[in-house]
Amino acid sequence: MEAPLDAMDSSFHKPVVAGQTQAIQILKEITYGSVAGMISKVFEHPFDLTKVRLQSQVLEGTARFNGPIDCLSKTFKNEGFLGLYRGLPAPVFGAMAENASLFLAYEQFKSLIRNTVLHDSSSSSTNASLPLQYNALAAAGAGAVTSFILTPIELVKCKMQVQMLVAPSAAAVGAARAPLPGPISVFLSVIRTTGLKGLWLGHTGTFIRETGGTAAWFGTKEYVAGLLLRRRLRLEGHDGSRGGKAGELLPWESAFSGACAGAAFNIALFPADTVKSAMQTEEELRKATTATNGEAYKRSTFLGTFKKMYKAQGVRGLYAGCGITVARSIPSSAIIFLTYDELKKTFG
């Protein structure tokens, strides 16, 4: 027995309360997304730091780390427990902004598609499902919008995550190392040296990753959640005897479908993220080497960096850090969707 169409929405939440203003609903979307992003980021940050450090060494002559486990152990040994959370404030803020923007923009793009493509603007269609291809289209639009917010935040995060990898200057050898700059200092330094435009260094990679990856993320969540919901309703005969209301996901269903979505997001366009990370850490890790060799430092383009990375290590280099990224994105994405769905189910 197939689940009714209105049971197939991504959030599987209660219908919008009559009289509830759009502004209040938008505020709720922002809040739910922010809370979900913040919780997941605290969990996943050490793994994200490992990913960035592995990606940033692809173009170096000698690799600092032999793999994710080696990177984690050396980071802990040399920098302590807090070293695993280096640069955390920026990604926590970024995760809150990213998920708030993603979920809000996703709902808005779905409404736009209903009104303009399907020509259905009735209030009863607010929670109705869209065909999977339209959900993916709405998700791609949400990812494209979010990429503009995310690039400056990830730039600061990546620069902070490789700070300890930069060799100290000769004057600093034997002396106490100066405190490392925090996120605000890094942010202002970028503006001073490259202007506001410099905050969007690596945006091409973020745009590709977020547009295609978010389509895969929400699309996979919708598809897997739909399968789980139809299966449960078929077994229950729609009587809800095993918990959960018809049309609402159980917590484990939200988490499982979210976990599948996390894997799909990162596998989809991971090389774009690798190139982005290399571009955003290039100044810290390779500018000094270039100067030592007597060459003029020149900032690389997205395509130029892609070619250099492929030439240096082939496909393997473009997927540096992919394993640990997928491993951490599975529980992280499960946390995001579980938190978001439960908040929306509880508060509307």
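The lining of the largest cavity has nine nonpolar, eight polar and eleven charged residues. This is a predicted model. The cavity has a volume of about 440 Å³. The structure holds two cavities of 30 Å³ or more.

**Cavity lining**
- In total, 28 residues line the largest cavity.
- Closest to its centre are K41, E44, E98, F265 and R328.
- Helices α1, α3, α4, α6, α7, α8 (270-292) and α10 each give two or more residues to this lining.
- The largest share, six residues, comes from α3.

**Nonpolar cores**
- The largest nonpolar core has 18 residues.
- F103, Y106, W217, F218 and F337 have the most contacts inside this core.
- At least two core residues come from each of α1 (22-56), α3 (89-116), α4 (132-161), α6 (203-236), α7 (251-268) and α10.
- Helix α3 gives the most to this core, with five residues.
- A second, separate core of 13 residues includes V58, V190, L199 and M279.

**Contacts of F337**
- Beyond its neighbours within four places in sequence, F337 is in contact with F103, W217, F218, K221, S254, G258 and A261.
- Among these partners, F103, W217 and F218 also belong to the group with the most contacts inside the largest core.

**T325 in helix α10**
- T325 is found in α10, which covers residues 322-347.
- T325 counts as buried because its relative accessibility is 1%, and the cut-off for buried is under 20%.
- Leaving out residues up to four places away in sequence, T325 touches K51, N266 and F270.

How values were computed: Residues are numbered from 1 along each chain as its sequence is written. This is a predicted model: local features need pLDDT of at least 70, side-chain atom pairs count only at pLDDT 80 or more; totals for chains, interfaces and linings use all residues. Side-chain values use heavy atoms; hydrogens and water are left out. Helices (H or I, at least four residues) and strands (E, at least two) are DSSP runs, numbered from the N terminus. Buried means under 20% relative accessible area, exposed over 50%, partly exposed in between (1.4 Å probe, protein chains only). Contact means heavy atoms within 4.5 Å. A nonpolar core is a set of buried Ala, Val, Leu, Ile, Met, Phe, Trp, Tyr and Cys residues joined through side-chain atoms within 4.5 Å. On a 1 Å grid over the protein atoms alone, a cavity is a set of points where a 1.4 Å probe fits but cannot get out, and a pocket is an open set with protein on both sides within 12 Å along at least five of seven lines; lining residues have an atom within 4 Å of a point. Grid points are joined across faces, edges and corners, and a volume is the space filled by probe spheres set on the points. Ala, Val, Leu, Ile, Met, Phe, Trp, Tyr, Cys and Pro count as nonpolar, Asp, Glu, Lys and Arg as charged, and the others, Gly among them, as polar.
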